[in-house]
Amino acid sequence: MSSQPAMWHRPVPAADRDGTAMTAQGDGEGDDEGSQGGSRPPAFESPVFQPSAFQPPAFQPPAFQPPAFPSPVDRRSTAPAPAPAPAAEEPQPRAGLDTTAVLPYASSRASTRTRWLRAWMMTAPVDVLALLTPLLVTQQYWRGTLAMTVLTVIIFASGGLYRARRHVSFLDEVPSLCGRLLAAASAVAIVAAMRHESAEYVFGFTRGVAASAGLVILGRAVTREFAIVARKRRWVEHNTIIVGSGPTAVELARLLRRYPQYGLRFVGCVDTPDGPSALPLIGSLDDLDSLVRLRECDVVIVADANCSETALMELLSRPRTAECDLWAATPLWGSRSHGDHIGAVPVVSIGDITLSGPQSALKRASDIAFATVALLLLSPVLLVCAVATLIDGGPGIFFYQERIGRHGRPFNIIKFRSMRPVDEHESQTNWSIANDRRVGPIGRIMRRTSLDELPQLWNILRGDMSVVGPRPERPYFVEKFSAEYPQYAMRHRVPVGLTGLAQVSGLRGDTPISDRARFDNYYIENWSLWLDVKVVLRTVTEVFRAGGR
């Protein structure tokens with residue numbers, strides 16, 4: 001019999017070659033990325049254990065567990081040892097979680113200088129150059145070529161072809177590219193055929209359009225391939241925090257570590273500290289905003305956070321976090337998600353929940369244009385309303401009242417006076433005056449047609465308000481409703497509006513505040529210029545129907 005003891009356990013390395021730390025529960029041999037294949041016997045240490053002269057244990061307990069991988073010598077002469085009970089204080093992993101922990105890793109030198117780069121900065125210029133290439137051959141069709149370029153870029157942008165994608169694939173984009181190119185080319189070709197009766201002219205223009213469309217597809221293939229190479233070589237990568245510590249978060253952390261072509265560098269997870277976690281947490285959910293700044297994160301992925309949706313949305317709306325690209329993992333089995341994905345985990349891009357950056361500039365420009373034109377066109381109506389107010393109630397045409405605007409900043413709203421309040425306290429705390437007898441006949445007509453709110457166009461020009469947005473409310477009710485309804489305060493992420501989605505949906509006067517907050521937050525999170533146009537058109541319809549208070 002050999003004098004060497006049976007090696008029933010061995011030290012587990014702190015990190016494998018992929019940078020993932022393995023716990024002692026995994027086997028370490030024959031496993032795939034830390035999956036529990038096989039069963040290692042528990043560690044056995046005895047105070048009388050002598051490596052030089054091994055003796056079988058003298059006492060044989062009633063219940064024992066044989067070793068999982070005994071050596072031939074052990075199989076002949078070594079009696080099985082008892083299995084020690086696990087320590088009572090050892091935390092057990094959450095059900096369904098792997099025991100592999102993915103640790104954050106260092107960023108590349110190049111990525112620290114390329115954080116500001118986005119995919120559209122390369123694809124959009126290449127598309128424009130490809131569409132303008134026919135001008136190098138002939139300038140005969142320069143008007144149609146320019147029109148084709150502008151229309152195609154607009155259609156591409158509206159179809160999401162310039163949005164960031166985690167799974168970059170040229171073949172996935174081919175159907176969308178071809179369909180939108182055909183739509184733009186058809187529209188321009190029809191206009192060209194109507195302006196020029198010559199078939200030769202139309203045929204020559206069509207050949208140029210076909211050539212530019214082919215160059216667009218070729219250019220998109222080249223840019224996509226270059227983007228994949230840049231990500232794999234880690235020339236471009238964006239620091240990423242995962243919100244959650246459950247199975248989906250574990251899988252996402254592994255995928256980001258294993259596949260750099262997604263362009264994301266895993267820096268850690270945040271979650272509630274009281275729950276069990278299979279990943280090392282770099283902080284709690286309350287620390288998310290400060291961690292985004294300290295770790296210089298550009299992307300936040302919401303996986304399986306251990307908190308309510310309302311609390312999570314409040315965290316994501318904080319200034320630093322809201323500046324990041326927000327993604328949500330939707331691991332619904334059999335969901336057949338048609339969005340983006342990381343590995344086999346579907347992810348959905350969360351829109352700009354604060355209307356910042358280019359969207360904010362576009363909305364502000366449209367507000368200024370609308371308010372300027374409206375003041376010029378409606379100046380006769382404003383004059384008639386002012387005279388009617390003066391006749392109805394005497395001097396004091398305008399009514400000023402403090403309201404709460406974006407980010408909780410107060411401002412004075414301007415309206416045509418329809419009645420005189422008893423004092424300032426009544427003005428600030430009286431919820432509705434729809435049936436107040438002090439409202440005169442002219443004031444009642446102006447309120448029903450919303451003509452009393454036309455002076456707010458000046459508030460829009462000053463920047464206090466927007467044309468479309470949540471209804472501005474008084475400080476007393478903002479404080480009251482924010483305490484009663486968790487989602488109410490989130491309305492103030494954007495400027496308040498002259499009209500809004502909630503108002504045109506029938507939520508005016510004595511209607512549920514929770515429904516108003518839900519409609520307002522939906523508008524913020526799904527904003528588009530066309531949505532503003534629809535709200536304005538519906539507002540005009542409500543004015544002519546006299547559907548006001």
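In the predicted model, Thr 152 is buried, with a relative accessible area of 0%. This residue belongs to helix H3. When neighbours within four places in sequence are left aside, the contacts of Thr 152 are Leu 131, Leu 181 and Ala 184. Leu 131 is one of the residues through which helix H2 meets H3, while Leu 181 and Ala 184 are among the residues that H4 contributes to its contact with H3. Thr 152 itself is listed on the H3 side of the contact with H2 and on the H3 side of the contact with H4.

The two helix pairs can be described in turn. Two packed helices are described by the angle between their axes and the distance between the axes. For H2 (residues 120–132) and H3, the axes come within 9 Å and cross at roughly 150°. Because angles over 145 degrees count as roughly antiparallel, H2 is roughly antiparallel to H3. The crossing of this pair is right-handed. From H2, the residues involved are Asp 127, Val 128, Leu 131 and Leu 132; they meet Thr 145, Leu 146, Met 148, Thr 149, Thr 152, Val 153 and Phe 156 of H3.

H3 (residues 142–158) also packs against H4 (residues 170–195), at an angle of about 140° and with the axes 9 Å apart. H3 and H4 are therefore oblique to each other. Their crossing is right-handed. On the H3 side, the contact is made by Gly 144, Ala 147, Met 148, Leu 151, Thr 152, Ile 155 and Phe 156. The H4 side consists of Leu 177, Arg 180, Leu 181, Ala 184, Ala 185, Ala 187 and Val 188.

Elsewhere in the chain, seven strands form an open sheet with mixed pairing, in the order S5-S4-S3-S6-S7-S9-S8. S5 and S8 (340–342) are the edge strands, each pairing on one side only. From one strand to the next, the twist averages 40°. Strands of a sheet pair through backbone hydrogen bonds, either parallel or antiparallel.

Within this sheet, S4 (residues 264–270) is mostly covered, with seven of its seven residues buried. S4 runs parallel to S3 (residues 238–243), and six bridges join the two strands. His 238 stands opposite Leu 264 of S4, and Thr 240 stands opposite Phe 266 of S4. S4 also pairs with S5 (residues 281–283), again in the parallel sense, over two bridges. In that pairing, Val 270 has Gly 283 of S5 as its bridge partner.

H6 runs at about 165° to S3. Besides S3 and S4, H6 lies across S6 (299–302), S7 (325–329), S8 and S9 (345–350).

These elements are part of a chain whose secondary structure comes to 18 helices and 13 strands. Of its 549 residues, 41% count as buried. Among contacts in the chain with a separation of 6 or more, 73% are accounted for by residues 24 or more positions apart.

Terms used:
Residues are numbered from 1 along each chain as its sequence is written. This is a predicted model: local features need pLDDT of at least 70, side-chain atom pairs count only at pLDDT 80 or more; totals for chains, interfaces and linings use all residues. Side-chain values use heavy atoms; hydrogens and water are left out. Buried means under 20% relative accessible area, exposed over 50%, partly exposed in between (1.4 Å probe, protein chains only). Helices (H or I, at least four residues) and strands (E, at least two) are DSSP runs, numbered from the N terminus. Two strands pair if DSSP finds at least two bridges between them. Axes are lines fitted to C-alpha atoms, for helices over the stretch in contact, and angles run from 0 to 180 degrees between N-to-C directions. Angles under 35 degrees count as roughly parallel, over 145 as roughly antiparallel, 65 to 115 as roughly perpendicular and the rest as oblique. A crossing is left-handed if the near helix is turned anticlockwise from the far one by less than a right angle, and right-handed if clockwise. Contact means heavy atoms within 4.5 Å.
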